[in-house]
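Here's a quick tour for anyone opening this structure for the first time.

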Amino acid sequence: MNRMDRILNGLPGDVMFLLGNEAIARGAIEAGVGFATTYPGTPSSEVGDTLSKVARKGGFYFEFSVNEKVATEMAYAAAISGVRSFVFMKHVGMNVAADAIMSMSYAGVRGGMVIMTADDPSMFSSQNEQDNRHYAELAHLPMLEPSNPQEAKDFVIRAFEISEKFRMPVILRTTTRVSHQRTQVKLGSRSVRVVDAKFDPAKGDFVTLPSSSMGFKSELIEKMELARQYCEKTDLNRTETHGSGKYGFITSGEAYNCLTDAIRKHSIDASVYKIGMTSPLPEEEIASFLSLHESVFVVEELDPYLESGVRRIAQMHSSTARIYGKIDGIFPASFEYSPEVVASSLSGIINIEVGNESPPVSVADLPKRPPVLCPGCPHRATYYAVRRAARMSGLSDVIYSSDIGCYSLGTYEPFEMADVLLEMGSSIGVGSGLSKVTGRHVIAFIGDSTFYHAGIPPLINAVRNGSRMTVVIMDNDITAMTGQQTNPGVPYDGMGQPVKPVSMEAIVRAVGIDNVVVADPYDLKSFLPTVMKALKSEGVSVVIARRECAILRDREMQRKGERVVYAVDSGKCGLCMNCVENFSCPAISIQEGKIAISPDLCDGCGVCAEPIVCPFRAIAAGE
Amino acid sequence: MSRLNTNIIIAGVGGQGVVTAGTIISDAASNAGLKVVMSEIHGLAQRGGSVTVDVRIGNVESPMVPKGEADLILGFEEIETVRSLERGNRDTFVIMNLERLPPVSLGIRRREYPDEQEMERKTAGIANVHRIDANRIGREAGNSKASGTAIIGAALSLGRLPFALSDVETALRNQFSGKVLEVNLLALSKGFESIPGKEPTPANR
Ligand code: SF4
Ligand code: SF4
């Protein structure tokens with residue numbers, strides 16, 4: 001059995017070494033999920049990568065939706081038809097889905113519905129590190145927070161049970177170190193659920209108009225009170241004692257792991273209340289825990305979500321325990337924790353020795369390796385050409401507005417072509433605003449998937465309100481940054497079945513833009529004048545830079561057994577350094593005073609051989 | 001942490017097989033009946049960025065190797081090896097693959113990769129640095145891509161991994177098949193014999 005088959009069909013009791021996100025996928029399978037949707041986003045993407053590979057064999061539905069809001073609406077439809085549904089996304093994706101979530105919490109569900117958010121403390125691959133636990137409070141929904149892959153799998157199943165018990169969606173909140181942690185996971189049994197979708201609401205059951213919503217709101221508060229009573233007794237929360245248990249700790253998620261390691265290392269006498277169900281909070285349990293300890297530390301990453309609750313509960317129960325957390329500045333308010341961070345925060349209060357040895361080597365002067373576009377990436381050619389085109393068109397004060405995707409890396413040297421970059425779709429929205437308010441020419445960069453996700457409404461707005469901008473849609477035929485997922489422009493769907501792609505150019509034209517061209521950035525000599533022409537346009541012009549992601553192209557070439565590698569003829573090379581300084585493909589470097597191309601890294605795209613990159617025509621396909 | 005635990009950092013560049021090596025080590029530890037937690041950070045780039053994988057074997061919960069506590073560092077690329085030494089200590093065992101992948105930040109400044117003397121100076125603070133040409137070992141075994149497996153073999157011969165060669169062989173069998181498996185099994189044994197003076201002992205053989 002291969003790995004994916006084992007994730008689908010592994011027997012109860014089997015132990016697999018699983019990534020947190022794979023364990024979550026298995027959890028959904030064990031729970032008998034019938035309908036799963038997502039928009040890919042790190043650190044949640046591998047849940048979808050796994051489910052998309054096993055959905056057909058597993059007999060459930062899976063799709064990569066156009067964005068998180070639609071994914072959530074799709075999943076909701078299944079849940080109100082009695083089918084267990086699972087929607088998952090990265091933390092900022094939940095902002096997109098929030099409009100839907102805030103209303104569905106009112107109307108509730110029939111079949112279980114689990115909404116997973118994967119938060120990213122320390123922003124390893126995100127624009128912020130927002131703490132999505134606040135959404136549970138905002139939407140009045142129960143929430144579970146696992147600490148490791150085993151819990152992640154088991155909690156998915158529990159989340160479905162809780163969802164059905166209280167007829168409300170349940171949030172499952174992970175963080176990067178849980179979703180991207182690998183460890184041994186013991187599989188459970190797959191529940192066999194044959195559920196025919198049945199949508200038969202009584203009048204107004206799922207209609208949130210003021211008339212019904214007023215009733216929903218009161219019900220929601222009642223449901224959450226029942227959920228709290230459940231939370232007081234659930235084994236999702238537990239207490240662990242180390243030594244005499246003198247110091248009290250309240251914790252959840254990855255912070256529990258860091259805390260436990262710190263306690264073991266420094267032999268701290270600790271009593272740890274680990275909360276697995278963090279919304280609604282188990283008020284009575286927390287109050288009684290407070291009554292047992294003189295000092296209680298609340299250890300959690302990001303915002304003082306638990307701490308605020310604990311302080312509120314302490315106040316209501318007139319607790320005399322001394323509470324330590326972030327609000328009083330004991331623990332850091334930002335970034336992910338580690339056992340060292342926890343120990344050094346505690347060392348001000350508890351008498352423990354934290355080593356402060358300086359590292360054995362200094363790495364300060366080591367060359368940096370910022371993230372780069374792959375060798376052969378079409379975006380490199382696009383950026384190179386657009387920058388030249390802007391210069392050759394005499395546009396000295398052009399504003400570059402960028403977006404979320406692999407092409408975000410155009411922010412870094414050598415291109416540095418992002419003056420503003422916020423969130424999905426913002427290149428066009430903020431870009432057209434800048435064109436209005438400053439009168440300067442704006443060039444917006446947006447990928448194919450991001451365009452479908454959130455680029456269309458701002459494009460309509462830009463046309464409608466007369467912005468002057470050029471939108472470069474970097475269409476590499478895949479959602480690349482999160483690991484090559486399909487999107488509406490790709491001719492197969494999330495379960496690998498052929499489907500008609502949505503035409504990007506038809507959408508652009510339908511919006512009322514006549515000045516739209518499709519061009520191949522690999523073909524620099526015709527791509528450059530095409531961009532220059534678009535830059536002349538008065539209103540909104542669109543250049544679709546179409547060339548598949550180099551990783552896709554590699555796979556295709558490998559399949560065909562083809563391989564081309566470029567090389568430099570140092571006899572011809574004039575050492576102008578343009579290729580390394582301004583084009584900067586990772587395969588090209590300076591070696592002993594000469595330009596060299598690494599045959600291991602070269603992808604054979606041939607763009608560097610174009611005279612616009614190598615004026616000496618020293619680069620050519622080798623043997 | 002107590003000596004019963006083993007903290008390993010694997011560092012390299014995206015596309016070098018760093019994550020695969022991490023899963024093979026972890027699987028080998030699982031085969032030996034040990035608890036393992038592994039954590040991987042890829043950053044924003046699909047290929048060509050710094051990648052580190054932390055593997056912790058023993059009674060630990062957090063998947064990240066604490067600063068200064070790496071017992072073993074497996075470096076797939078020279079600059080990335082040195083970068084991760086910051087998280088080691090003077091006694092950390094280091095295997096450094098002699099692969100040099102120049103970051104584009106160098107070319108942009110018209111600079112070249114630091115020369116050998118400079119790289120050696122940077123590792124001078126650490127006693128046990130073993131330099132091996134894992135790509136060559138991989139090539140000799142049949143494919144330079146098996147370099148990661150060669151590095152694992154070398155680490156095993158240092159007696160720094162709490163499991164046996166046979167556990168790694170089982171892990172390779174779980175991961176690969178056919179010709180690729182053969183190449184990797186060969187790379188493992190060649191890597192195992194690659195560090196002079198580190199003859200395989202019955203205990204870890
Ligand atoms: S994954 Fe594709 S789109 Fe992303 S940098 Fe690599 S080649 Fe470019
Ligand atoms: S052909 Fe040139 S630009 Fe393309 S991958 Fe090879 S070295 Fe890089």
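Let's start in the middle of things: the largest nonpolar core has 88 residues, and Leu51(A), Phe86(A), Met113(A), Leu144(A) and Ile286(A) touch the most other members. A nonpolar core here is a set of buried Ala, Val, Leu, Ile, Met, Phe, Trp, Tyr and Cys residues joined through side-chain atoms within 4.5 Å. Buried means under 20% relative accessible area, exposed means over 50%, and partly exposed is in between (1.4 Å probe, protein chains only).

Keep in mind that this is a predicted model, where local features need pLDDT of at least 70, side-chain atom pairs count only at pLDDT 80 or more, and totals for chains, interfaces and linings use all residues. Residues are numbered from 1 along each chain as its sequence is written, chains are lettered from A and ligands numbered from 1 in the order in which they are written, and side-chain values use heavy atoms, with hydrogens and water left out.

- Apart from it lies another core, of 81 residues, with Ala385(A), Leu409(A), Val508(A) and Val516(A) among them.
- What does Phe86(A) touch, leaving aside its neighbours within four places in sequence? Its contacts (heavy atoms within 4.5 Å) include Ile24(A), Val33(A), Phe35(A), Leu51(A), Met116(A) and Phe160(A).
- As a bit of background, nonpolar side chains tend to be buried together in soluble globular proteins.

**The domains of chain A**

- Chain A is divided into domain 1 (3–233), domain 2 (238–355), domain 3 (378–562) and domain 4 (563–623), with bounds that come from an automatic or database domain assignment.
- Between domain 3 and domain 4 of chain A, the centres are 26 Å apart, taken over C-alpha atoms.
- Where these two domains meet, 17 residues of domain 3 of chain A are in contact with 16 residues of domain 4 of chain A.

**The ligands and their cysteines**

- Ligand 1 lies between chains A and B.
- Around ligand 1 (a residue is near if one of its heavy atoms lies within 4 Å) are residues including Cys374(A), Cys377(A), His379(A), Cys406(A), Cys549(A) and, from the other chain, Gln46(B).
- The shell around ligand 1 has eight nonpolar, four polar and no charged residues; Ala, Val, Leu, Ile, Met, Phe, Trp, Tyr, Cys and Pro count as nonpolar, Asp, Glu, Lys and Arg as charged, and the others, Gly among them, as polar.
- Ligand 2 has 13 residues around it, and the closest are Cys585(A), Cys602(A), Cys605(A), Gly606(A) and Cys608(A).
- The shell of ligand 2 splits into nine nonpolar, three polar and one charged.
- Cys406(A) is buried, at a relative accessible area of 13%, and Cys602(A) is buried too, at 11%.
- How many disulfides does the structure hold over all chains? There are zero, a disulfide being a pair of cysteine sulfur atoms within 2.5 Å.

- Most residues other than glycine have a negative phi, and most peptide bonds are trans.
- The bond from Thr42(A) to Pro43(A) is cis, with omega near 10°, and Pro43(A) is in the loop between strand 2 (35–38) and helix 3 (45–58) of chain A.
- Another cis bond runs from Ser279(A) to Pro280(A), with omega near -15°; Pro280(A) sits in the loop between strand 12 (277–279) and helix 11 (283–292) of chain A.
- Ser318(A) has a positive phi, near 50°, and is exposed, with a relative accessible area of 60%.
- Glu416(A) also has a positive phi near 50°, in the loop between strand 15 (399–401) and helix 15 (426–438) of chain A.

**Two buried residues to look up**

- Arg177(A), in helix 8 (residues 176–179) of chain A, is buried with a relative accessible area of 8%.
- Not counting residues up to four places away in sequence, Arg177(A) touches residues of both chains, including Phe124(A), Glu254(A), Ser39(B) and Met64(B).
- His130(B), in strand 6 (residues 128–132) of chain B, is buried at 17% relative accessible area.

Key
Helices (H or I, at least four residues) and strands (E, at least two) are DSSP runs, numbered from the N terminus.
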